[in-house]
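Dear colleague,

Please find the structure we discussed placed below.

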Amino acid sequence: MASNIFKQMASSGGIFRDESVLQPDFLPEEMPGRERQMRDLASFLQPVTRNQAPSSVLIVGSPGLGKTTMAKLVLKQLGEVSKRALPIYINCWETSTRFGILNELVTALGDMLPRRGIAVDEVVARLKEIGRREQCPLPIVVLDEVDRLLASNAREDQVLYDLSRSAEALGLPCAVIGITNDVELPMKLDARVRSSLTNHVINFSPYNPTELKSILGERAKRAFQPSALDSEVIPLCAAVGAKAGGDARISIHLLWAAARAADSEGASKVGIAHVKAMQASALEAAAIPASRKINDLDEMDRKLVQLISKSADSGLSSGELYAKLKAGEAEQRTLRNRLARLEKGGLITGEEIDKAGGHTRRWKIRKTA
C-alpha cells in the first residue's frame, strides 16, 4: 500500500514555518523604511484620540512601496488607543460609484438600506440620520486606488466632496485617506475637493536595496525554519525589487516563489539557483494587472491588455498593435478610443514617440497597487 504523500511531506520538516507572512494581505507589525510616513499619517489622525475629527490625507507613490499596508497598520494602531475611530477600507476598483461608497459607509455604521433600488439622496439622508445619534463612531474612509473614481465618463468623484466636507454634506464628521499611484491626481481633482483632500500629502519614494533587505529579513524570521535560506538569497531578492523600481511586492513574491520551488523539490534550503529560476516569472506576475481589473473588461479590451503585457518592458506601438490585430483604418479609430480609455482607467500608459513621417504612441502595462 502506497504511503500517504501528506504524511511524507510533514515528516520531512519542510522550509516554511508560516507561509502566510509572505502573502500580499499580510499586515506586518513594523515597516522598515516607512517610519517617517507612519509618523506623518499618525500626526494627521491624532485628533481622533482627543475626540476630534482628523484631517483628510492623500498618499501618493508608485506600486509596491507600502502605501496600503502602511495605512492599514497605522489605523490598526489607532484602534488600539481610540475606540471612536471606525476604519473603513474600500478599493475603488471594486466599488467605484458614489452610491456604492456611501452605501458601504452606511453598512459599516451598522445600518441596513432597503434592497429595492434607492437614490443617492436617500443614502445621504440616512447618513445624516446616523450622524444625529449619540456615540456615533468617527469613520475614517480609506479609498485605495482613488484615481479610479475619475476614470469613467460619469466621474464619480463627487463622493470625494461628500466625504472631505462630510460634516456639512452628510451631517457626519469623517476623514478620508486617499491612496493613488497617480502623482498628477491632485491637479485632476475638482477645485472644491482639492483644497481639503490635498492639504496633507504623504509621498512614498522607492525602497532602496538596504530597506528591501530589512523588510525581507523581518519576514524571513517568521516565514522560514532556521537556516532555511542561503546567505545570498535575501540580498538577491532585494536587488531584483530595487532594480524594478524599489518594489517590495516583487522582492517578497520572488522570495516566496523561490522557497516554494525549493520546498517542492525537497531541498533543505533555498539557494541562489531557486531565486534565479523564479525571477522571470516573479517580474511577469508583477507586470500583469490584477485579475479584478481584467475581469471588468470586454473581450477586445482584454485582448489589448494581454498583447501589451506580453511585450514586457519594451511595450508595443499603436502600429504594432494594429498589425497584430490586422485592424483596418476604420477599426484603428475604434482601437485608439479603446487604448485611450484603458489609459484613463489606469491599466496602461502611453508614451509619445517619434517615427518616420510623424508620431505614434508606445503602450506599456501600468503596474497597479
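In which sense do strands β3 and β4 pair, and over how many bridges? Strand β3 (residues 138–144) pairs with β4 in the parallel sense, over 5 bridges; two strands are said to pair if DSSP finds at least two bridges between them. Within β4, the residue opposite V142 is I177.

Please note that this is a predicted model, in which local features need pLDDT of at least 70 and side-chain atom pairs count only at pLDDT 80 or more, while totals for chains, interfaces and linings use all residues. Residues are numbered from 1 along each chain as its sequence is written, and side-chain values use heavy atoms, with hydrogens and water left out.

Strand β4 also pairs with β1 (residues 57–60), in the parallel sense and over 4 bridges. There, V60 has T180 of β4 as its bridge partner.

For the chain overall, the secondary structure comes to 17 helices and 8 strands (DSSP runs: helices are H or I of at least four residues, strands E of at least two). Of its 369 residues, 46% count as buried. Among contacts (heavy atoms within 4.5 Å) between residues at least 6 apart in sequence, 71% join residues at least 24 apart.

With kind regards

Technical notes: Buried means under 20% relative accessible area, exposed over 50%, partly exposed in between (1.4 Å probe, protein chains only).
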